[in-house]
Every structure is written in C-alpha cells, then in structure tokens.
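Work through the exercises below with the sequence and the model side by side. Try each task before reading its solution.

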Amino acid sequence: LIYEWAHKFSELSLAYEKIDPKRWYESSSAVFDAFCRILENNDFEPMRRLLEEMTSTHRFPGISFKESQQSFSAIRYVFFPILIGKYQGDEFLNILFQINHAIDRIIFHFSDYFQKAHEKKLKIYTDELEGEVKKRTLELEESRSNYQILFEEISDGCFVNQGGRIVFANKAFCEMHAYERKELIGKKCDKLIADDSRESVMERFYQHLKGIVPFETYIYCRQDRNGQRFPTENRVKLIKYNGKPAVLGLCTDITERLE
C-alpha cells in the first residue's frame, strides 16, 4: 500500500523523482502509519509531529506546498479501490467520510505549519535585510562624510553647475568668490564670470551638457562679489547630480603662477 501510494503521488510532479527513493519510502511509510493511527484511534499526535518536522526542517526542498497537499490527497486512490470491494451502503460512506475528514485535517494542519514556517523564514530574511540596510546606510553615511571632508578641505574651489546655476559649492569656492555658501547656492553661474570670459565659458558649459566635451581644462577670469577679476584654471567634467545632467568643476586661482 505504501509503495502504491508513493507511486501515485510521484506521478503528480517531476520534483518527486529527484528525491532519493529510500528516503522517500521511509517518509511515506511514517506518514502512512500516522494516517492509520488517525483512522484507528483518532490519534492525531504522530501526524502532528511529522507535519511539524517536515515543515520546520524543509525535509524535501524543491517540493512546493501545493505538491505536498496533493501527495496527502493521493492517499485516497490507495484506499478507495480496497474499500469499494469490502464495504457497501452506509458503512462505505461512513468509512469514506472518516478518510476524507482525516485528509482534510492533515492538509489543514500542514497548511498551518507551512504558514508558520514561511513566516519564520520571512522574519529571518527581513531581520537580515534590515541589518544589511543599516550596515549599508552606515557605510554610505561614512562615505558621504569622507567626501564632504575631502571637498571642504581641498584648496581648490569645487562646485556643481546644473541648469546654469550653482547647486553645490565647497568652502574654497565660496571664499574665492567672496560669498557665503547660502548666497551662492542657486546663483547663476554667469554672475561669477568676468565679462570678457562669460560667453566662451557658458558656451563650454552647454557643450559639456550635450556630451560634446565630457572633460576639459581651460583658463578664464572669474569675478567675485566685489567685481574683482582673477585668472582661474577650471577643470570640468560632465556628471549626474540628483539624477540630472550637471557639470562638476574644480577651479584654481592661478594669479601667482601667471605672475
């Protein structure tokens, strides 16, 4: 009977064919015995222990919940041909009811254990994911802090030009133009360029945005808030800033070099 039952549910899915037959037969035998205990003595405890073990240890990886339910349901095909030949009328219906009731109880409890095991696995995964997110967030914060320190400490003026306006500026860039940082953010870039350099510098900016010149070094005259002009070397690169095209620049005062 056990062999016939195992053969029946092995026909339900190819996944069963990948399991070691000896191991599969032993498990089928244990489940079959527990099923008989339910029919004979209404003793569900052996089946309960088996179901809990099967779901908690993932005894048969690759077997879906639906396929497991079908395997329990397939036990009907073993019993029914035997019962039809031995019982009739109300007695047959009574035994049929007991078998169906037992199978329904098994599937219900198996579903409950499966759900609990799934929730436990999901919680472990969620906890691990949260830990990984916290770790990555900390790493990003440290990385951001390091870059912030780098940009603030370098002597070159660092800025980001997006849409013709300053959207990022370090301390050196602010000092080079005699502005406070809050005054520079959002300011039009052409206001920081001397008249005789403005047209050529802005033309270069639009070429960078189009990708014609992704990286370039050039010299121009900057203009601070007091209208003073200073020769400046600018090294610029096309980047993405907050998901949009922008130009990252590093500018160096070259007054002493020229002198």
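The model is predicted, so local features need pLDDT of at least 70 and side-chain atom pairs count only at pLDDT 80 or more, while totals for chains, interfaces and linings use all residues. Residues are numbered from 1 along each chain as its sequence is written, and side-chain values use heavy atoms, with hydrogens and water left out.

**Exercise 1. Helix α9**

Solution. 
Step 1. Helices (H or I, at least four residues) and strands (E, at least two) are DSSP runs, numbered from the N terminus.
Step 2. Buried means under 20% relative accessible area, exposed over 50%, and partly exposed in between (1.4 Å probe, protein chains only).
Step 3. The arc is taken from the directions between the helix axis and the C-beta atoms.
Step 4. Contact means heavy atoms within 4.5 Å.
Step 5. Just after α9, G211 has a positive phi of about 80°.

**Exercise 2. Helix α5**

Task: Which residues of α5 are buried, and which on the other side are exposed?

Solution. 
Step 1. R76, V78, F79 and L83 are the buried residues of α5.
Step 2. Viewed down the axis of α5, these residues fall within an arc of 150°, so they line one face.
Step 3. Y77, P81, I84 and G85 are exposed on the other side of α5.

**Exercise 3. Nonpolar cores**

Task: Find the residues that touch the most other members of the largest nonpolar core, then say which helix gives the most to this core.

Solution. 
Step 1. A nonpolar core is a set of buried Ala, Val, Leu, Ile, Met, Phe, Trp, Tyr and Cys residues joined through side-chain atoms within 4.5 Å.
Step 2. The largest core has 29 residues, and F35, M47, L51, F72 and I106 touch the most other members.
Step 3. At least two residues of this core come from each of α1 (2-10), α2 (21-41), α3 (45-57), α5 (76-86) and α6 (89-153). The most come from α6, with 10 residues.
Step 4. Apart from neighbours within four places in sequence, I106 is in contact with F35, I38, F44, M47, L51 and F72.
Step 5. A second, separate core has 19 residues, including L184, C189, I193 and V201.

**Exercise 4. Salt bridges**

Task: How many salt bridges are there, and which residues are linked in a network with R257?

Solution. 
Step 1. A salt bridge is a side-chain nitrogen of Lys or Arg within 4 Å of a carboxyl oxygen of Asp or Glu. By this rule there are 14 salt bridges.
Step 2. D43 and R37 form one, with the closest N and O atoms 2.6 Å apart. D43 is partly exposed at 21% relative accessibility, and R37 is partly exposed at 35%.
Step 3. In the salt bridge of E139 with R136, the closest N and O atoms are 3.1 Å apart. E139 and R136 are three residues apart in helix α6, which means a separation of about one helical turn.
Step 4. R235 forms a salt bridge with E233, with the closest N and O atoms 3.1 Å apart. R235 is partly exposed at 21%, whereas E233 is buried at 16%.
Step 5. The network of salt bridges links D156, E233, R235 and R257.

**Exercise 5. Residue N170**

Task: Is N170 buried or exposed, and which residues are in contact with N170?

Solution. 
Step 1. N170 is in the loop between β2 (165-169) and α7 (171-177).
Step 2. The relative accessible area of N170 is 0%, so N170 is buried.
Step 3. Leaving aside neighbours within four places in sequence, N170 contacts F151, E152, I154, D156, G157, C158 and R181.
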